[in-house]
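Q: Please take a close look at the sheet in this model. Walk me through how it is put together and what packs around it.

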Amino acid sequence: MVDDSIVEGKHILDVTCSNRSMWFDKDCPIALYCDKRKCVETVYMANGRHQDCVVNPDVVCDFTNLPFNDKSFELVVFDPPHAINISESSWTCKRYGSLGNDWKDVIKGGIDECLRVLKPYGTLIFKWSDCHIPTADVIKAIGRQPLFGHRSGKKMNTHWMVFMKTN
């Protein structure tokens, strides 16, 4: 478990912050940012361009084993890796990570941990891109139905889903 002082004043938990690309305020004072890695890597893209990918979480941890007490946060954000079995040297893997063949257990374990650290009636925002694994298969693996969601993106393959902890 992490020291309680790290969680004090934090109401939002991002369990897979990566480079915080979906955050408007990348240093939101009421959010605690987690990722299983802390690094700066130069990412080379297919067009020959490159950029630094900075992953700088407040807490380094795995989303399937969060080091926080039960019922600690009002809102949890979960944007796990979406690609399966991709090269560790690829742009996508360096920026977002990758899943293996055990993806069903990993994603379900992540959802279970996110719900564990949510306060009663807390909200879980889950983002999924069905680039490799269909969203319907992910929902089946999770074993829970979202309350509602929305498809977005140019190809409409990103799904934002909302869950609520009811106990």
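A: Two strands count as paired if DSSP finds at least two bridges between them. This is a predicted model. Strand 1 (residues 12-14) and strand 2 (residues 31-35) pair in the parallel sense, over three bridges.

Seven strands form an open sheet, in the order 5-2-1-6-7-9-8, with mixed pairing. Strand 5 (59-60) and strand 8 (148-152) stand at the edges. Each has a single partner strand, so one side of each is left without a neighbour in the sheet.

Helix 3 packs on this sheet. It touches strand 1, strand 6 (73-78) and strand 7 (118-129). The direction of helix 3 makes about 150° with that of strand 7. L115 is found in helix 3 (residues 103-117). At 10% relative accessibility, L115 counts as buried, because the cut-off is under 20%. Beyond its neighbours within four places in sequence, L115 is in contact with L124, R144 and K165.

Next, the aromatic rings. The structure holds six aromatic pairs. One of them joins F78 and F126: it is tilted, with 5.4 Å centre to centre and 40° between the planes. F78 lies in strand 6 and F126 in strand 7, so the pair ties together parts that are 48 residues apart in sequence. F78 is buried, at 0% relative accessible area. F126 is also buried, at 0%. F63, F78, F126, W128 and F163 form one aromatic cluster.

Note on methods. Residues are numbered from 1 along each chain as its sequence is written. This is a predicted model: local features need pLDDT of at least 70, side-chain atom pairs count only at pLDDT 80 or more; totals for chains, interfaces and linings use all residues. Side-chain values use heavy atoms; hydrogens and water are left out. Helices (H or I, at least four residues) and strands (E, at least two) are DSSP runs, numbered from the N terminus. Buried means under 20% relative accessible area, exposed over 50%, partly exposed in between (1.4 Å probe, protein chains only). Contact means heavy atoms within 4.5 Å. Axes are lines fitted to C-alpha atoms, for helices over the stretch in contact, and angles run from 0 to 180 degrees between N-to-C directions. Rings of Phe, Tyr and Trp (its six-membered ring) pair if their centres lie within 6.5 Å; planes under 30 degrees apart count as stacked, over 60 as edge-to-face and the rest as tilted.
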